[in-house]
Structure formats: structure tokens, C-alpha cells
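Hi everyone, thanks for coming. Have a look at the picture first.

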Amino acid sequence: MPLHIETDEHKALRAAVAALGAKYGRDYITRTVAEGRHPTELWQEAGKLGYLGVNLPEEHGGGGGGIAELSIVLEELGAAGSPLLMLVVSPAICGTVIARFGTDAQKNRWLPALADGSRLMAFGITEPDAGSNSHRITTTARRDPASGDWLLTGRKVFISGVDMADAVLVVGRTEDARTGRLKPCLFIVPTDAEGFHKRPIDMELSAAEKQFELTLDDVRLPADALVGDEDAGLLQLFAGLNPERIMTAAFAIGMGRYALSRAIEYARDRTVWKAPIGAHQAIAHPLAQAHIDLELARLMMQKAAHLYDAGDDIGAGEAANMAKYAAAEACVRAVDQAVHTLGGNGLTREFGLASLITAARVARIAPVSREMILNYVSHQTLGLPKSY
């Protein structure tokens, strides 16, 4: 089926999730942020309805779908003004990695709980001195020869939702990676483990999900905390990073759609002279352009999700990066134009758009900057030489 034509099942999923999002809405998210708490009620209801685990295997309590379905869930929640950022992390990254590479014991322990929302997992890759260069990750794991346990030491920053999480899927390196061989490995680290410390980062960004710095001080983990093969780290890592980019695109598209819908509603009703301001091309055309940009970004997101779900990791890598780039740019422009359409009202709490100015930029920065995506496309797609 052509990518631009959704199945009846996808249309039904969109409608159902949109109804759930509308039940909560932007006011609910704003209120939870003001109260300093998490959108627990929405998370739990989404879990009960099967939306959190729609991408996870049926035999482990999921819906048996893929990232295509999960991206619909996040996009529609975002379009209703009530996105769940941890959808990017817990089921999309962590759930996907465990489903593809975890042991039977890991799958049985984690996947049903991630699917129904009763447990949540964060993802730890970013480090203070590594930035976009994952080759500089210094979090290391070494074996205790006496017990066979792993000892994990390092630091992570900008890790979302650690205070909500039961565990963090941490990207580390086996010790021989320091000889020059890149061997990233993935470990399930319980947040109550001895030596695991979290510190909240003081963010100006208003979001329900808090950001944390992690310190891992010889955290002792059993041998079965390792996810997958110790020597296949890169394959396993990108199995999580491609869905992360696709889901970030969904997050951005949903946010852009929400901002655009508020601006359209305002432009239809607001009359300054004889006609609503939406009748003027100076207002109407930029909103039309924003809609076009969001629709084009969604097409690339759907392509990326289709390729990933079909098992084409290489093709999905290129498309996921492009989708994330296009969606972030479209989102920033849509939010900016929405605020501009409302004028001074766009900066008031009543209309709830001003906070999106900061939030929209997150998609440009994380999980990888737009400049690094341009590097990827110029090197991998165009075959141009590296500048670094």
C-alpha cells in the first residue's frame, strides 16, 4: 500500500488516540507541569488501552505492531496538546532493543510491564564530554573475575524521566574499547542500585518530564544485566536510535499540528477590520506553508517507520535522520507562525503557545543536532568527505 494512504486500522488508531488526547488536552499537561508532577493519569490510561505497547510483540503483552503504529500514538497525543515524551524512550527505544536482542528472561520481565505502563525505563547515552561523538563515551563496564558481575562506572547527562523510571538502559563500553576498538554495550541498570545517583538539571524548559545527570559509581550488575551480544553493540544501539529519531519526528509533528490548529482557529474568529484576519494572505499563506511542511515531514516519518518495521536498518537510518530533521524544522516554523498569528495573545498563558517556542527547539537539538544529521546525509548519502 502506498505510504501516503493509511490502512483502516491506522485511521482507527489515530481517531481513538486523538479522542484520548482530547480528554486530557493541553490544560492537563500545563497543570501537571505547574504542580511539578508527571502526567501519570494519561500514561496509565494509555497503557490500559494498549497504546504504550502497540509496537511490542503480542506474546509479551504488546499490540504486535511497529514503530509506524507507535509514531501515530505520539503524533496524535501531541496534536491534542498532550504529548508523552517518554513514549520516545520507554517503549520505542528500550522496548524495541529488549524485544530484538534481550534474553527470554529480560523480555518476560520487562516487555509486559513496559506495554501496560506499570513499569518505565529511561535511556542513558549522552555524556558531558562526549556530546554528539558517541566514540568518546567513557562509561565503562568491567567484569568482576570472582563473581562474573559487571561493574559500571561513568556519568550521563540530559537523561529524561529518571525519577519515573524503574531502570535505565545505559550505553557503556567494555574496557577493551579504550584500546581503540569501539564496543558499546547496553545494560539494564535499576534506579535503586547501589552506586546509582541522579541529580536533577535545572531547566528553563517547561516539561512534565525532568532531565537528570547520572553518576554511576561502580554499580554492580549481574551478568544477565547485559542486553544482547557483547560484541554486537553498534547493531543493538542503532536498533534503538533509529526509532528514537522517528519518534522525535512524531513528537515534533504533533506539536506543530497543535500550534497550527490554535492559530487557524484564532485566524478564523479574530476580526480587526471587516473580515477575519485569516482572509488576508499575509496570515493565510504562512499557515498554509506550515501545514505543507508538516505534511511533508510526516511522509518522511512514515517512510522511515515503514523501512524500520520491514527490517531495513540501513534504509531506515537515512530516512529516520531525514524525518527528524524535516519534522524539527517544520515544527519550529509552525510554532513561530502560530505565535505570530496571535500577536500579543500568542505570548499569554491563556492560549498556551509561548511555552512551545522553547519546546519546539528541543527537536532541533535532541537526540541529535540538525548539523549532525546534515553531516550524516552529506557523508552517507552524498558520499562527500568528512570534515572531522
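Okay, so first a definition: we call it a salt bridge when a side-chain nitrogen of Lys or Arg sits within 4 Å of a carboxyl oxygen of Asp or Glu. Keep in mind that this is a predicted model, where local features need pLDDT of at least 70, side-chain atom pairs count only at pLDDT 80 or more, and totals for chains, interfaces and linings use all residues. Residues are numbered from 1 along each chain as its sequence is written, and side-chain values use heavy atoms, with hydrogens and water left out.

How many salt bridges does a search of the whole structure find? It finds 22. One of them joins the side chains of Glu 76 and Arg 257, at 2.8 Å from N to O. Glu 76 is in helix α3 (residues 67–79) and Arg 257 is in helix α6 (residues 233–269), so this pair ties together parts that are 181 residues apart in sequence. By the way, helices here are DSSP runs of H or I with at least four residues, numbered from the N terminus.

Is Glu 76 buried or exposed? Our cut-offs are buried for under 20% relative accessible area, exposed for over 50%, and partly exposed in between, using a 1.4 Å probe and protein chains only. Glu 76 has 6% relative accessibility, so it counts as buried.

Glu 265 is partly exposed because its relative accessibility is 43%, and Arg 262 is partly exposed because its value is 22%.

Next pair: Arg 370 and Glu 329 meet through their side chains in a salt bridge of 3.3 Å, N to O. This one links distant parts of the chain, with Arg 370 in helix α10 (residues 370–381) and Glu 329 in helix α8 (residues 313–342), 41 residues apart. Glu 329 counts as buried because its relative accessibility is 8%.

There's also a network: salt bridges with shared partners join Glu 6, Arg 14, Glu 75, Glu 76, Arg 257, Glu 295 and Arg 298.

Leu 299, in helix α7 (residues 281–309), is partly exposed because its relative accessibility is 37%.

Note on methods. Helices (H or I, at least four residues) and strands (E, at least two) are DSSP runs, numbered from the N terminus.
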